[in-house]
Each structure stands twice: as structure tokens, then as C-alpha cells.
Amino acid sequence: MSDAMKLTGLAVITVLFTFLFIGVGLDASNYEYFLSRRVPKVLAMIIASIAIAQSSLVFQTITHNRILTPSIMGFDALYLLTQVLVVVIFGGFSVLLLNPFINFALSVSIMVGFSLLLFGFYFASNNGKSNVITLLLLGVIFGQLFDNVSSFFMMLVDPNDFLTIQASMFASFNNVNQELVYLCVVPLLVVSALLFKLAPVLDVFWLDNDNAISLGVDTRRVTKQVLILVAIMISLSTALVGPVMFFGLLVANLTKEFFHTYRHKTLLIASSLMAMSMLLSGQWIIENVFSFSTTLSVVINFVGGLYFLSLLVRQKIQ
């Protein structure tokens with residue numbers, strides 16, 4: 001089966017479940033209310049799918065490692081720490097928490113600001129000899145620090161405030177603010193376009209850094225650009241719907257196994273369609289088959305965790 005046929009199949013699945021989410025049950029008496037609720041929800045899932053899929057794919061390219069995703073940089077832990085500190089310092093009824101625009105802007109600013117500080121300090125201190133693995137280790141250390149601080153404060157807060165924090169611990173597509181969804185469309189399209197522009201250069205990264213440098217690629221500059229774009233994408237997705245840990249790992253690796261090509265333009269489109277079809281179909285099954293008896297993020301983390309272990313086993317065997 002050709003890659004074009006596979007892309008078409010994923011696109012059909014995406015369109016089918018988009019129609020099921022939006023169109024089923026609509027009539028002349030309820031279409032205005034249902035569309036106002038359903039369209040932002042579906043759009044939020046599409047935005048999260050594209051952001052997580054594309055960022056995870058290019059992140060694995062520049063790190064040359066199939067088991068790494070941007071979450072290793074500690075974005076999820078920093079997002080949760082931000083929500084915890086807002087509750088601890090200002091209370092569960094603070095405008096910083098209850099106003100979706102202020103909370104979204106605060107979360108995105110802190111995550112992007114942290115990444116810029118980390119990347120800027122690291123690349124400035126290496127005098128041209130950057131090792132991205134060292135940067136990832138710094139991200140792991142900070143992520144663990146953020147997670148431990150969050151756990152400490154969560155044990156001290158009032159139980160009612162803890163319930164407020166708990167809502168931020170898992171991804172949710174049912175309570176997304178529709179105005180925030182539309183606000184995320186433009187920056188996502190801009191960052192996605194920039195990644196597509198870098199796609200031919202990223203193709204050369206498959207040859208490893210030394211070969212890429214010999215072919216005239218400024219790997220240090222491209223790595224820094226990609227890391228910043230990845231940070232923006234993950235920040236938008238996490239602040240919009242919440243953290244989804246293993247979804248990027250799952251999508252990026254399934255795309256590489258399903259599509260036998262090295263071209264990032266094809267892989268970026270394929271991973272986006274793969275993520276959208278998985279997220280839309282999974283959420284529809286959770287709602288209509290399992291009647292919300294579980295959440296999609298729990299299923300993704302369970303399946304993604306098993307897939308992560310299988311990757312580790314296969315790499316060890318090889």
C-alpha cells in the first residue's frame with residue numbers, strides 16, 4: 001500500500017469521526033447549541049493532535065532517539081506546578097485560576113519562558129559545542145524538581161483546593177473554553193508552517209550530526225530553532241487541554257512504522273492525521289461505548305506505557 005493511500009485512509013477516518021462528533025443528533029431545534037459546544041471540542045482535539053504529533057516527531061529527529069518526547073523537558077510538570085502555586089499563593093478562587101484567558105496566558109508564558117531561558121543558557125555556555133543529550137538531562141532534572149515541589153504543596157493545601165488542582169492533572173476535552181481554542185489556531189498554523197519550512201533540513205538530520213555538518217547544515221542553529229518551536233507547540237497544547245504523557249511517543253513511532261519514508265513533509269502530515277484519527281476515534285468510543293466510565297488520557301497513558309516498554313525491549317534485543 002502506497003503512502004498516498006495510507007494518508008487518504010487516515011484522512012477518511014478523521015473526517016468520519018469529526019462528522020460523528022459534530023453532526024449526529026443535530027436538527028433544526030438544537031443545531032445552534034450543539035454546534036457551539038461540539039465544534040470547539042473537536043477543534044481542541046485537532047489542535048492538540050497536531051501540536052503533540054509534530055513536536056514529538058521533530059524532537060525525536062534532532063535527538064536521534066525514538067523513545068524521547070518533549071515531555072522529558074519537564075513541560076507537564078511545570079504546567080502542574082504553575083497551577084499548584086496559583087492555588088497555594090492566591091487561593092482556589094483567584095482570577096488567575098478562574099479566568100481562562102489569564103490562566104492560559106500565564107501557563108504558556110511560564111512554559112515558553114522557562115524553555116527559552118534553559119535553551120539560551122545552555123547554548124550560550126557551550127561555546128559552539130552543544131550536546132543535546134546534556135540539555136535533555138537538564139530538562140529531566142528540572143522536571144523532577146517541579147514534580148516534587150508540586151507534590152509537596154499538594155499535601156499541604158485544603159482538600160477543596162486539591163480538587164481544583166486535580167482537574168489540571170489530566171487532559172480534558174469536554175471543558176475547553178471555545179474562545180481559547182480559536183485563539184490557538186493562528187500560532188499553531190504559524191509554528192507548523194515553520195516546521196514544514198525546516199523539513200528538508202530535518203531530512204538531513206537522519207544522517208547524524210557529523211554527516212549533516214559535512215553537508216553544510218548548521219546543526220546548532222537548526223536544533224535551537226526546532227527546540228523553540230517544539231516548546232511553543234507543547235505549551236499551547238498543555239495549557240489548552242492539559243498534559244498527555246505518552247501520546248506523542250505513541251503517534252511518532254507508529255507513524256514511522258506505518259510510513260516507510262524519510263521525508264519530513266510526508267511524516268509531519270502523516271503524524272498529524274494519525275494523531276487526529278486516534279484522538280477523535282478514542283474520545284468518541286470513550287463517550288459512546290464506555291459512557292465516560294474512564295478518560296481518554298488514562299487509556300493513552302496505559303497503552304503508551306506498554307508501547308514504551310516494548311520499544312525498550314526491542315532496542316535491547318537489537
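Predicted model: local features only at pLDDT ≥ 70, side-chain atom pairs only at ≥ 80, totals over all residues.
Let's start with the aromatics. Searching the whole structure turns up six aromatic pairs. One of them joins Phe-17 and Trp-284, whose ring centres are 5.9 Å apart with 65 degrees between the planes. Planes over 60 degrees apart count as edge-to-face, so that is the label this pair gets. Phe-17 belongs to helix H1 (residues 3–23) and Trp-284 to helix H12 (residues 264–288), so the contact ties together parts that sit 267 residues apart in sequence. As for burial, the cut-off is under 20% relative accessible area. Phe-17 comes in at 14% and is therefore buried, while Trp-284, at 24%, counts as partly exposed.

Another pair is Phe-114 with Phe-142. Their centres lie 5.6 Å apart and their planes meet at 75 degrees, so this one is edge-to-face as well. Phe-114 is in helix H5 (residues 100–124) and Phe-142 in helix H6 (residues 132–154), so the pair ties together parts that are 28 residues apart in sequence. Phe-114 is buried, with a relative accessible area of 14%, and Phe-142 is partly exposed at 31%.

Lys-6 lies over the face of Phe-258, 5.0 Å from the ring centre. Lys-6 also lies over the face of Phe-259, there at 5.9 Å from the ring centre.

Now for the serine. Ser-235 is found in helix H10 (residues 219–241), and its relative accessibility is 0%, so it counts as buried. What does Ser-235 touch, leaving aside residues up to four places away in sequence? The contacts are Phe-75, Val-108, Met-111 and Val-112.

Phe-75 takes us to helix H3 (residues 75–90). H3 is mostly covered, with twelve of its 16 residues buried. Phe-75 is one of the buried residues, and others include Asp-76, Tyr-79, Thr-82 and Gln-83, along with Leu-78, Leu-80 and Leu-81. Just after H3 comes Gly-91, which takes a positive phi of about 95 degrees.

How values were computed: Residues numbered from 1 in each chain as written. Heavy atoms only, no water. Phe/Tyr/Trp six-rings, centres within 6.5 Å; stacked < 30°, edge-to-face > 60°. Helix = DSSP H or I, 4+ residues; strand = E, 2+ residues; numbered from the N terminus. Buried < 20%, exposed > 50% of the residue type's maximum accessible area, 1.4 Å probe, protein only. Lys NZ or Arg CZ within 6 Å of the ring centre and 35° of its normal. Contact = heavy atoms within 4.5 Å. Expected span 1.5 Å × (residues − 1).
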